[in-house]
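Hi everyone, thanks for making time today. Please have a look at the sequence and the model on the screen, and then I'll walk you through it.

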Amino acid sequence: SVSANTHTGPRRKETPPPGAGTRVFYESLYKQNPHSLMALKYCVEYGCLPREECEKAVEKLEKMKLAQKEAVRNRAFNAVKTEEAVKKRRVKEENESTEVENQAPPPPLPDHDDLPHLS
């Protein structure tokens, strides 16, 4: 258990008893990785953190959520840019292949007998 004296500020759900399996899991995950979004979210929502730590965790959680939303927006934007780039490349390749098809054939190679002999 992170602390027996937990904070109930932004808690949205009833705090499980200290030995409850999910609480033990998320508290230990939070101890091992304080940057884990799911551990942080659980500990804040279920009121498993001491008051001071909870206040900092709420701020951190909000920053992480904003960063996550921004990352999703960027991925979507980049996906659109990538799709546009792929379309442009396909159009360019199609135009280049059409240009090659429309080019005059190269002149025929000279016959073997027409080549100058080095003797």
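I'll talk about the nonpolar core and then about salt bridges.

A quick word on the ground rules. This is a predicted model, where local features need pLDDT of at least 70 and side-chain atom pairs count only at pLDDT 80 or more, while totals for chains, interfaces and linings use all residues. Residues are numbered from 1 along each chain as its sequence is written, and side-chain values use heavy atoms, with hydrogens and water left out.

Let's begin with the core. By nonpolar core I mean a set of buried Ala, Val, Leu, Ile, Met, Phe, Trp, Tyr and Cys residues joined through side-chain atoms within 4.5 Å. Buried here is under 20% relative accessible area, exposed is over 50%, and partly exposed lies in between, using a 1.4 Å probe and protein chains only.

How many residues make up the largest nonpolar core? There are 12 in all, among them L29, Y30, C43, C54 and L61. Two or more residues each come from α1 (21-32), α2 (37-45) and α3 (51-102). The largest share, 5 residues, belongs to α2. Those helix names follow DSSP runs (H or I, at least four residues, for helices; E, at least two, for strands), numbered from the N terminus.

Now pick out L29, one of the core residues. Leaving aside residues up to four places away in sequence, L29 touches S36, M38 and A39, where contact means heavy atoms within 4.5 Å.

On to charges. Side chains of opposite charge can pair when their charged atoms come close. We call it a salt bridge when a side-chain nitrogen of Lys or Arg is within 4 Å of a carboxyl oxygen of Asp or Glu. Searching the whole structure turns up 4 salt bridges, and I'll show you some of them.

In R23 and E27, the closest N and O atoms are 2.7 Å apart. These two sit 4 residues apart in helix α1, so about one helical turn separates them. Are they buried or exposed? R23 is buried at 3% relative accessible area, and E27 is buried too, at 1%.

Next, in helix α3, R73 and E70 are 3 residues apart, about one turn. Their side chains meet at 2.7 Å, N to O, and E70 is partly exposed at 37%.

Finally, R89 and E93 form a salt bridge at 3.6 Å, N to O. They are 4 residues apart in helix α3, again about one helical turn. R89 is partly exposed at 47%, as is E93 at 44%.
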